[in-house]
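Please keep the sequence and the model in view while reading.

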Amino acid sequence: MITRHVITAEEAQKVADLIVGLPRPLTITWKEGGKRSLSANALLHRWYGEIAKHYGDRTAAEIKGECHMTWGVPIKMRDPAWAWVWRQVSERLTYEQKCRVFERGILAVTSTMTTKEMTEYMDAMSQHYRGEGVWLTDPDLAKWEQNE
């Protein structure tokens, strides 16, 4: 399988040129939305650690599992294929067991999100935890940290 991330018209033209040269028959599938940046992924994992440190009673991995259950699952349930798999996996699990599925990365949640979905997820996390007094790294300030 070939995956290409296309932002500009020039990149779209390169993909079109590639397709014209491929042997046939072939099947082409595309998905709207961009892929996430590594910095968004790094920020998310930093937040898990900051939340865990604030509360002191859970690890960053446990926070990740809880966040996936609270915000990630509802977002990913919009994808019929993901929703089907989740229903099969989660049917007989307790809440704690479901969180462990995500803690251990057994089922992908944020790693398969589009930029729009990840923004929704992180905005919800930010609103919730900042509302509880948790200090989370500000993504705008994090840009300055990277340049120093």
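Where does Pro25 lie? Pro25 is in the loop between helix 1 (9-20) and helix 2. The peptide bond leading from Arg24 to Pro25 is cis, with omega near 5°.

## Basis of the model

The model is predicted: local features need pLDDT of at least 70, side-chain atom pairs count only at pLDDT 80 or more, and totals for chains, interfaces and linings use all residues. Residues are numbered from 1 along each chain as its sequence is written, and side-chain values use heavy atoms, with hydrogens and water left out.

## Overall make-up

The protein chain has 7 helices and 0 strands, in the order α-α-α-α-α-α-α along the sequence. Helices (H or I, at least four residues) and strands (E, at least two) are DSSP runs, numbered from the N terminus.

Of the 148 residues in the protein chain, 30% are buried. Buried means under 20% relative accessible area, exposed over 50% and partly exposed in between, with a 1.4 Å probe and protein chains only. Among contacts (heavy atoms within 4.5 Å) with a separation of 6 or more, 68% join residues 24 or more positions apart.

## Helix 3 and helix 6

The axes of helix 3 (residues 60-76) and helix 6 (residues 115-131) come within 10 Å and cross at roughly 130°. Axes are lines fitted to C-alpha atoms, for helices over the stretch in contact, and angles run from 0 to 180 degrees between N-to-C directions. Helix 3 and helix 6 are therefore oblique to each other; angles under 35 degrees count as roughly parallel, over 145 as roughly antiparallel, 65 to 115 as roughly perpendicular and the rest as oblique.

Helix 3 contributes Lys64, Cys67, His68, Trp71, Gly72, Ile75 and Lys76 to the contact, and helix 6 contributes Glu117, Glu120, Tyr121, Ala124, Met125, His128 and Tyr129. By class these residues are 7 nonpolar, 3 polar and 4 charged. Ala, Val, Leu, Ile, Met, Phe, Trp, Tyr, Cys and Pro count as nonpolar, Asp, Glu, Lys and Arg as charged, and the others, Gly among them, as polar.

## Helix 4 and its partners

The axes of helix 3 and helix 4 come within 8 Å and cross at roughly 125°, which makes helix 3 oblique to helix 4. Met69, Val73 and Lys76 of helix 3 meet Trp82, Ala83 and Trp86 of helix 4. This contact has 5 nonpolar, no polar and 1 charged residues.

For helix 4 and helix 5, the axes come within 11 Å and cross at roughly 125°. Trp82, Trp86 and Ser90 of helix 4 make the contact with Lys98, Val101 and Phe102 of helix 5. Leaving aside neighbours within four places in sequence, Trp86 touches Met69, Val73, Met77, Lys98, Val101, Phe102 and Leu107.

## Buried residues

The largest nonpolar core has 27 residues, of which Cys67, Trp86, Phe102, Tyr121 and Met125 touch the most other members. Such a core is a set of buried Ala, Val, Leu, Ile, Met, Phe, Trp, Tyr and Cys residues joined through side-chain atoms within 4.5 Å. At least two residues of this core come from each of helix 2 (38-55), helix 3, helix 4 (80-90), helix 5 (95-103) and helix 6.

Ser126 is in helix 6 and counts as buried because its relative accessibility is 12%. Apart from neighbours within four places in sequence, Ser126 is in contact with Trp47, Gly131 and Leu136.
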